Amino acid sequence: MSARARAARVRALLLSLVTFFVVAGTATGCAGGDERPRVVVTTNILGDITREIVGDEADVSVLMKPNADPHSFGLSAVQAAELENADLVVYNGLGLEENVLRHVEAARASGVATFAAGEAADPLTFHAGEEGGPDDEAGEPDPHFWTDPDRVRKVAALMSDQVVEHVDGVNEKTVRDNAERYDGRLADLTTWMAKSFAAIPEDRRALVTNHHVFGYLADRFGFRVIGAVVPSGTTLASPSSSDLRSLTQAMEKAEVRTVFADSSQPTRLAEVLRQEMGGDVDVVPLYSESLTEKGKGAGTYLEMMRANTSAMAEGLTGD
């Protein structure tokens, strides 16, 4: 090969390399420019509420899968990394996501903005003794605020403030409009629930559940919490034989024959209670702590609450 031919080949190779790096650099720059802000949410109930507020203004990533238990679900290494790369992390708090909170704390320590929805909801505390609360958790905050739609209204409004403040690039007017529209739907939900529960006689407004999860609903709509099969605010606890005996006695005294069990948990403990009381107990499943997949009964928060309200009204009136 002549010197002239070798020089031409070298020039062609250099031109190809320069073109490659220019194109690659342009592609990388475009990808960075198109990167959308991201909100990462721990539980799927909060995930649905967050999506209503954020809309198309940012990507919303939900860590908890449908039908999971918020008290026990954990994260993969990839999901943990998502938290530290978010613009905003929305989590329930108050001890709910027991295996996830340390990752949220790590994200906060690295500079990520976080929003503790439960702490913003004017939380109630667990009560013991005659109020049907867990004795060893008396005075501790109850994390299940979403069973009261009015508290969800408060959380949604504060969440919109967090999104506007911490998620760069969102359109503030769009976020505010989304929040206002969703607030109206939540207000309608509260009105509908109150009307549905109004048909339940006062002496039948007594709740027994798988574990203590409906304290906020009881407080909002005038129910009494008789007790729970699992005498705790978490599904990770287990009842003793004396716990079951005490609950059975409380149910007999209040003439309660309906137990509402979490749909995300097996109803084995509720079935044990049925055996304790001679078989005359109705076990009614509710979507209490997790959404389902779309089209499976509780794909959104609003759908979950309406399904639960209908099931509770039917279970307590026998209609």
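**Leucine 94**

I looked up leucine 94 and found it in the loop between strand 3 and helix 4. For elements I used DSSP runs, with helices as H or I of at least four residues and strands as E of at least two, numbered from the N terminus. Phi of leucine 94 is near 60°, which is positive in a residue other than glycine. I checked burial next: leucine 94 has 19% relative accessibility and counts as buried. My cut-offs were under 20% relative accessible area for buried, over 50% for exposed, and partly exposed in between, with a 1.4 Å probe and protein chains only.

**Ground rules**

I am working on a predicted model, where local features need pLDDT of at least 70, side-chain atom pairs count only at pLDDT 80 or more, and totals for chains, interfaces and linings use all residues. Residues are numbered from 1 along each chain as its sequence is written, and side-chain values use heavy atoms, with hydrogens and water left out.

**Glutamate 255**

I noted another positive phi, about 55°, at glutamate 255, again not a glycine. Glutamate 255 sits in the loop between helix 8 (241-254) and strand 7 (258-262). Here the relative accessibility is 72%, and glutamate 255 counts as exposed.

**Whole chain**

I counted 10 helices and eight strands in the chain. Of the 319 residues, 48% are buried. I then took contacts, meaning heavy atoms within 4.5 Å. Among contacts in the chain with a separation of 6 or more, 63% are between residues 24 or more positions apart.

**Helix 3**

Which residues of helix 3 are buried? I found Gln79, Ala80, Glu82 and Leu83. Seen down the axis of helix 3, these buried residues fall within an arc of 150°, so they line one face of the helix. The arc is taken from the directions from the helix axis to the C-beta atoms. The face turned away from the buried side of helix 3 carries the exposed residues Ala77 and Val78. I also looked up the cover over the buried residues of helix 3: it includes strand 1 (38-41), strand 2 (59-62), strand 3 (88-91) and helix 4.

**Helix 3 against helix 4**

I examined the packing of helix 3 (residues 77-84) on helix 4 (residues 101-109). The angle is about 35°, and the axes are 8 Å apart. Axes are lines fitted to C-alpha atoms, for helices over the stretch in contact, and angles run from 0 to 180 degrees between N-to-C directions. The crossing of helix 3 and helix 4 is right-handed. From helix 3, Ala80, Leu83 and Glu84 meet His103, Val104, Ala106 and Ala107 of helix 4. The residues of this contact divide into five nonpolar, one polar and one charged. I counted Ala, Val, Leu, Ile, Met, Phe, Trp, Tyr, Cys and Pro as nonpolar, Asp, Glu, Lys and Arg as charged, and the others, Gly among them, as polar.

**Salt bridges**

How many salt bridges are in the whole structure? My search finds 11. The criterion was a side-chain nitrogen of Lys or Arg within 4 Å of a carboxyl oxygen of Asp or Glu.

I took arginine 220 with aspartate 150; the closest N and O atoms are 3.7 Å apart. Arginine 220 lies in helix 7 (residues 215-221) and aspartate 150 in helix 5 (residues 149-166), so this pair ties together parts 70 residues apart in sequence. Both are partly exposed: arginine 220 at 36%, aspartate 150 at 25%. I also found Asp122, Asp148, Asp150, Arg151 and Arg220 linked in a network of salt bridges.

Aspartate 183 bridges to arginine 153, with 2.9 Å between the closest N and O atoms. Aspartate 183 lies in helix 6 (residues 172-197) and arginine 153 in helix 5, so the pair ties together parts 30 residues apart in sequence. Aspartate 183 is partly exposed at 28% relative accessibility. Arginine 153 is partly exposed at 28%.

I logged lysine 173 and aspartate 177 as a salt bridge at 2.8 Å, N to O. Both lie in helix 6, four residues apart, about one turn of the helix. Lysine 173 is exposed at 57%, while aspartate 177 is partly exposed at 29%.

**Leucine 244**

I looked up leucine 244 in helix 8. Leucine 244 counts as buried, at 11% relative accessibility.

How values were computed
Left-handed = near helix turned anticlockwise from the far one by under 90°.
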